Amino acid sequence: MKSTFDASLADNPFTSRRIRPGAIPFQFPTGLNAAALLARLARLGWRGAIVGPHGTGKSTLLAALMPELARAGREVRSISLRDRQRRLPREFLAGLKPIERRELRTIVIVDGYEQLSFWSSWRLLRQCCTNGAGLLISAHRQTALPTLFSTCPDFAVAERIVGRLLAGASGADAAAIGPTPIRREVLHRLWLNHRGNLRETLFDLYDAFERQRDDGCSNC
């Protein structure tokens, strides 16, 4: 089959703005979507954790749930923690108003929750309980909160995401793009090298794409 993709006319589809959380739709497993996951969170009392290794889509899933939470009448207060950020900013916690002073019920979202110190996570949970706020976090390991969803994408998910990114770069329809300039074995090798870390795989594909664009390398 001949590819319809013209790399010379496209921006690199693996730039950070294209692969950041929220730019790529989360790939839900069959039978599950954002609304169903939100219903599950409601049954858990609006407290839950998205758990998974690095680069497996936790931030992307949080980004997918935020609009659903807003539609469900929740006021979302979110923060993404930087490396080794042990505390939440004081102003972030101060913004959690008691429920009787608000029209909307708040849900706090913390991406990278495992970085918080024990006392910071305890204080956050206590403040959420006191103020009637929900709490949704992402973490690399199990926490005291019930697990809402575990991220563990397989290679088929990686192929679908790469296909969508390439289709977006070319302007072609994702379902009609067919073969892409990133060969399947190249993607599979990167996938194995990064042990299923999709984010790192996509980072490496940026370089692979540029090499191909520069010299037409068929093995990049």
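Reader: How do the residues of the lining of the largest pocket divide into nonpolar, polar and charged?

Author: In this predicted model, that lining has 16 nonpolar, 16 polar and 9 charged residues. Gly counts as polar and Lys as charged.

Reader: How much space lies in the largest pocket?

Author: About 840 Å³. Of its 41 lining residues, Thr-56, Gly-57, Lys-58, Ser-59 and Arg-199 are the closest to the centre.

Reader: What makes a residue part of a lining?

Author: An atom within 4 Å of a pocket point. For the largest pocket, 41 residues line it.

Reader: Which helices and strands each supply at least two residues of that lining?

Author: α1 (16-19), α3 (58-71), β5 (147-150), α6 (155-170) and α8 (198-215). The largest share, 4 residues, comes from α8.

Reader: How much space lies in the second largest pocket, and which residues are the closest to its centre?

Author: The second largest pocket holds about 210 Å³. Of its 13 lining residues, the closest to the centre are Tyr-113, Phe-118, Ser-121, Thr-143 and Ala-144. Helix α5 (residues 118-131) gives the largest share of this lining, 4 residues. By class, the lining has 8 nonpolar, 3 polar and 2 charged residues.

Reader: Where does Gly-132 lie?

Author: Gly-132 sits in the loop between α5 and β4 (134-139). Its C-alpha atom is 7.7 Å from that of Thr-106, with the two residues 26 apart along the chain.

Reader: Why is Gly-132 called partly exposed?

Author: Its relative accessible area is 26%. Buried means under 20%, and exposed means over 50%. The value falls in between, so Gly-132 is partly exposed.

Terms used: Residues numbered from 1 in each chain as written. Predicted model: local features only at pLDDT ≥ 70, side-chain atom pairs only at ≥ 80, totals over all residues. Heavy atoms only, no water. 1 Å grid on protein atoms, 1.4 Å probe; cavity = no way out; pocket = protein on both sides within 12 Å on 5 of 7 lines; lining within 4 Å. Points joined across faces, edges and corners; volume = space filled by probe spheres on them. Buried < 20%, exposed > 50% of the residue type's maximum accessible area, 1.4 Å probe, protein only.
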